[in-house]
Amino acid sequence: MKEQNKDSTFHLVTGGSGSGKSAYAEDCVSRLLANRYGEEKVCPDLNRGAEKKANAHCVTSLRCVYIATMIPYGEDGKRRVERHRRLRREKHFETIECYTGLEHLILENELLEMSRRYETDANAVLREIRSDANGALCGGMPENQTDVDYVVLLECMSNLVANEVFEPDGAGKGTVEAIQRGIDSLRRQARHLIVVTNEVFSDGVSYDTETMRYLSYLGAVNQAMAAQADMVTEVVYGIPVTVKK
């Protein structure tokens, strides 16, 4: 099993509903790419042939992956998901839907499967290039390119926990442990990991037994992630407040 990269970072972003935490997390990805690597080093989404060729000189190849966890229900939900996918593509994100079983998610395999839906020239590039021992891929990679990194944004943990607790194929009573294994797996695969979660128990309301069980699991997952994270930020009314750095 791949060891965690010593240069990797893990940023946990939390906040209440409508706090602006999701927008802040996406902004963190944009600033991370610009500040650490420089805009000219970011290889964009593979479905943009012209931009891919323009960035063929990139020194550090990055793949920005957005792990979406909310299950779409009905036609309206499916349309909303597709709209969000389009918006993320504009920000160079490749979206992976993951509703349960995060520990089984292998980024390379998922992205290879997604690449089959891209244009022909991008597929040809994907077939021809294999990078380092991890098998990471990036369109337009120069011949001597060996450094390919994943920047992963998971949005959001509250949905993932709910799916594991309530869906038939979920982990049920083993939710906390299963998700912890999933986070550990992502940290081994990604150079930079940002996870968005919800603040819980702050409303002081008592719920039914099943909801309280879900909240207790989410609280346990949040505490475990906060202990592991290099940085924890709470977003309050759009204002990021550093909790751990």
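Helices (H or I, at least four residues) and strands (E, at least two) were taken as DSSP runs, numbered from the N terminus. The structure is a predicted model, in which local features need pLDDT of at least 70 and side-chain atom pairs count only at pLDDT 80 or more, whereas totals for chains, interfaces and linings use all residues. Residues are numbered from 1 along each chain as its sequence is written, and side-chain values use heavy atoms, with hydrogens and water left out.

The protein contains eight helices and seven strands. Of its 245 residues, 49% are buried (under 20% relative accessible area, with exposed over 50% and partly exposed in between; 1.4 Å probe, protein chains only). Among contacts (heavy atoms within 4.5 Å) between residues at least 6 apart in sequence, 72% join residues at least 24 apart.

Thr-95 lies in strand 3, which spans residues 93–97. Thr-95 has a relative accessible area of 4% and is therefore buried.

Val-236, Tyr-237, Ile-239 and Val-241 make a nonpolar surface patch of about 430 Å². Patches consist of residues with over 30% relative accessible area and no salt bridge, with like charges joined within 9 Å and nonpolar side chains (Val, Leu, Ile, Met, Phe, Trp, Tyr) within 5 Å; a salt bridge is a side-chain nitrogen of Lys or Arg within 4 Å of a carboxyl oxygen of Asp or Glu. Val-241 belongs to strand 7 (residues 239–244) and counts as partly exposed because its relative accessibility is 38%.

Key
Areas by Shrake-Rupley, 256 points an atom, 1.4 Å probe, with all protein chains shown as cover.
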